[in-house]
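Here are a few friendly notes to read alongside the model. Please keep the sequence and the 3D view open as you go.

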Amino acid sequence: MLSAGERLKALGSLITNADSHLRGIEIHKTSAIAAEKALAAAGFNCDIQTLDFFDVSPKPLCDAVLGNPPYVRYQQFSGSARAKGLEAALAHGVRLSLLASSWAPFVVHAAQFLKPDGRLGLVLPAELLSVKYAAEVRRFLLNRFASVKLVMFEELVFPDVLEEVVLLLAEGTGPTPGFELYQARNVAELESPNGSAWTQFTPQSTEKWTSALLRSEALDIYQNLAASDGTNTLLDWGETYLGAVTGNNKYFALTEKHAIDLGLGQKELLPISPPGSRHLRGITLTEKAWSELVAGGSCCYLFYPKTERQSAAADRYIKAGETMGVPKAYKCQARKPWWRVPLVPMADLLLTYMDYTCPRLITNEAKLYHLNSLYGVRLKEDRRKLGRDLLPISSLNTLTLLGAEMVGRSYGGGILKLEPKEADQLPLPSDLILQNAAAELQTLRPQLSIALRQGDISRVVKAVDGILLKKHLGLKLSELRILREARESLFSRRIGRGKRTHGAN
């Protein structure tokens, strides 16, 4: 508000009467008082009310609305607070999902305070561009305003906050078919922005806005290839689902030694892929690899009594869990008996959905159950053998890796995360293309497996690109180069923010 006052002063709009040109709404009383004092000391007349923003009935009287809405995720954005937010958005025709974070209804509500030619300036999480629940907000912005502009930053705006942010600038009365995007290195660059660096993007009605980060020629190649007969999505291959949720992995996931010390037998244990995904570095999780994990002390067993009549050892462990308070965990409270973890189907492929480099598919040759640190993929019957053998290799191509950057979302530290519905959209070679390329991929399999275990993913991608994208999908070398540059641009952007975050810590 101090900045707004200084701007008004610079424009000659001095506040000389009793009616304030500046109005603030702040839910935290101490902050409201501090703001009033700071503004008064600077000579500005300002009306600051201590209220919940959603309790304020909007009137279209403002020339500009500025804000940095709270980024409260749906897990904490609950009860009456969420109800008021969703009702405020719905009152203006925007139906938000229960998964919406608090900033989403804030945007819709804030716009209602503007005059028809008014301007909106908000600092929002960059998930505005990518998350599914924000689709209604994106649609609202294009319908409501005549101009929508977004500023994204290569560097983190708030040094101690991992959240990536975007600056939303909207004005006038819409609709507008698209928005403009400016990619700045940091906040300081906004003092003298390059006017020619704004790019126009017209999204399809349901798609994310992440595509705007690509050059137009890269986006054309990507979209044409992803829509071709030679390309499917992961959903065409099978079903993606979250692993089993124990409610307390430290209790339910056991090492072999711990299980032996407890006196538990095989009837009370299930073999699992250990929690996490660090152990998944190759193409296949074999029985031999799992045995090595067992010998190395990984938590490779799930406590899972198969009958209501437990052994004395299992009964002792259940009572120990009760003493530890395990049944009080939310997921444990919601099931009976609390110690019976609901299993999910055994997966044909395991999928790492939070990864620094890229999501990975791994053949579940050892036939293990998996926990919620991984997704499982259950392949369609007519594609099972081909998919189990070759999807983990063939998914390591530039088209799929670029698709992951576009459909996924970036989290603090540079981590890329895919939700199940986002993973469903990953572009992959069709079954026909994979059949045609099978012999060549199988020939390369041993050396590519070694390269992956050595962490040399770029070598694998280059080899797979040559077989799938160039030879079988007919991509020109110049087109492949453009795709690689696009993927590298998004990847470097994400990883660069992660490195700067780690450096700051």
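**Notes on the predicted model**

1. Among contacts in the protein chain (heavy atoms within 4.5 Å) between residues at least 6 apart in sequence, 75% join residues at least 24 apart.

2. A word on the ground rules. This is a predicted model, in which local features need pLDDT of at least 70 and side-chain atom pairs count only at pLDDT 80 or more, while totals for chains, interfaces and linings use all residues. Residues are numbered from 1 along each chain as its sequence is written, and side-chain values use heavy atoms, leaving out hydrogens and water.

3. Now the overall picture. The protein chain holds 18 helices and 20 strands; these are DSSP runs numbered from the N terminus, with helices being H or I of at least four residues and strands E of at least two. Along the principal axes, the C-alpha atoms fill a box of roughly 80 × 65 × 40 Å.

4. Of the 505 residues in the protein chain, 48% count as buried. Buried means under 20% relative accessible area, exposed means over 50%, and partly exposed lies in between (1.4 Å probe, protein chains only).

5. Do have a look at helix α4, residues 103-111. Nine of its nine residues are buried, so the helix is largely enclosed by the rest of the structure. Among them are Trp103, Phe106 and His109. The buried residues of α4 pack against β3 (62-67), α3 (79-90), β4 (114-125), α5 (135-144) and β6 (165-171).

6. Two of those neighbours, β4 and β6, also belong together. Seven bridges join β4 to β6, and the two run antiparallel; strands count as paired if DSSP finds at least two bridges between them. Val123 stands opposite Leu167 in β6. Strand β5 (residues 147-153) is likewise antiparallel to β6, joined by six bridges, and here Met152 stands opposite Val166 in β6.

7. How many disulfides does the count come to? With a disulfide taken as a pair of cysteine sulfur atoms within 2.5 Å, the count comes to zero. Cys46 is in no disulfide, and the nearest cysteine sulfur, that of Cys62, is 12 Å away. Cys46 is buried, with a relative accessible area of 17%, whereas Cys62 is partly exposed at 26%.

8. Lastly, charge. The protein chain has 61 positive side chains and 52 negative ones, and the centres of the two sets lie 5 Å apart. Here Lys and Arg count as positive and Asp and Glu as negative, with His and the chain ends not counted; each charge is placed at NZ of Lys, CZ of Arg, CG of Asp or CD of Glu.
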